[in-house]
Amino acid sequence: MVALVTAAVTAVVPASGGADLQKGLDGVASIGALAEVRNGAQVWRGSSGVAELGTSRKVPVDGRFRAGSITKTFVATVVLQLVAEGKIRLDDSVERWLPGVVPNGENITVRQLLNHTSGLYDYKNTLPMPPSEEFYALQYRTWTASEQIERALANPPVFDKPGSQYNYSNTNYLLVGEIIKKVTGRTYSEEIERRIIRPLGLHGTTMPGASTRIPGPHPHGYVPKDGGQLDFTEMNPTLFGAGGDIISTTHDLNRFFAALLGGHLLPARLLNAMKQPGTEGGTYGLGLSWHKTACNVRVYGNDGDALAYQAYSFSTADTRRQATIAVTPHLPTNPDATVDIFLDKAFCS
């Protein structure tokens, strides 16, 4: 199902539009930010702030960053490709693929893992977070999916009936990663690389495993400590695993979502399934989320929080307009509101 996507034609957005986007990017509450906005054949790329505190180095417009939960869209795409190949069904139970791992696993489906209606406790809530000293001591620790899942399942589900409610839980995607390995004999990272990254030519995108570094040009990311900011650029991404470990660029994420929403990665019926909310009126489907902009345009994509980095990537359904922005936030300030303003400029101007 994978088809190579031709590279977008790069042109300069008209000066007024570019200036407006740069002003919006400068207004994002952050240490640094970078973005790529596409409008048909026109492409604008920009950056703001500094790449590293204590320096005047600019954020590289082609910089790499930890994209957090945008990983989930890649993982879900792999699962849906396996569905298209007849190797797994969305209504298969977790027990079918991971026998004995999840209590009540016979009543939880792969679909419910993907759309966060399983009710399983989020392992993230079992972990120390800043300003806990225990958090900083774990910067280079290697985690396994099984131990994170075990930490989560030591807690009762947040609701009793799977499929009845939406509750975002990173545990769901750790389990999906394990299911991918059971189905294919390869890790979720290997499947993402061979099914998506290499065919689409996403040259700035990597699955890091336990590697603590971000390869290539990148801004530094920080977490708060003792009233200041601690450089957390290097860290062991097994903390996130299949729920959020991918490293990418603004260009690559736009390219990925153009391929996905343009029907190059999935059959139409499964792309449509991806857009169906897990609960009535919801805004999250199978690894894909959506919202309406200020001008009432619905955009599809995902966002991700990887502690020292936050990323947002959205596209119109026809893929004509796209915007991806990555932020190194000045925590504890949350950049969401100012990013929303930037995205509205990108999609509504």
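Asn170 counts as buried, because its relative accessibility is 10%, and the cut-off for buried is under 20%. This value, like the others here, comes from a predicted model.

Asn170 sits in helix H7, which covers residues 170-184. Its side chain makes a polar contact with the side chain of Lys72, at 2.7 Å. Beyond its neighbours within four places in sequence, Asn170 is in contact with Ser69, Lys72, Asp122, Tyr123, Lys124 and Gly243.

Tyr284 is also buried, with a relative accessible area of 5%. Tyr284 lies in a loop, between helix H10 (268-274) and strand S7 (289-292). Along the chain, Tyr284 and His116 are 168 residues apart. Their C-alpha atoms are separated by 8.3 Å.

| Residue | Place | Relative accessible area |

Two packed helices are described by the angle between their axes and the distance between the axes. H6 passes H7 in a left-handed crossing.

Which residues of H6 and H7 meet? From H6 come Ala145, Gln148, Ile149 and Ala152; from H7 come Thr171, Leu174, Leu175 and Glu178. By class, this contact has five nonpolar residues, two polar and one charged.

Definitions and conventions
Residues numbered from 1 in each chain as written. Predicted model: local features only at pLDDT ≥ 70, side-chain atom pairs only at ≥ 80, totals over all residues. Heavy atoms only, no water. Helix = DSSP H or I, 4+ residues; strand = E, 2+ residues; numbered from the N terminus. Buried < 20%, exposed > 50% of the residue type's maximum accessible area, 1.4 Å probe, protein only. Polar contact = N/O pair within 3.5 Å; in protein donor to acceptor, adjacent residues only side chain to side chain. Contact = heavy atoms within 4.5 Å. Left-handed = near helix turned anticlockwise from the far one by under 90°. Nonpolar A, V, L, I, M, F, W, Y, C, P; charged D, E, K, R; others polar.
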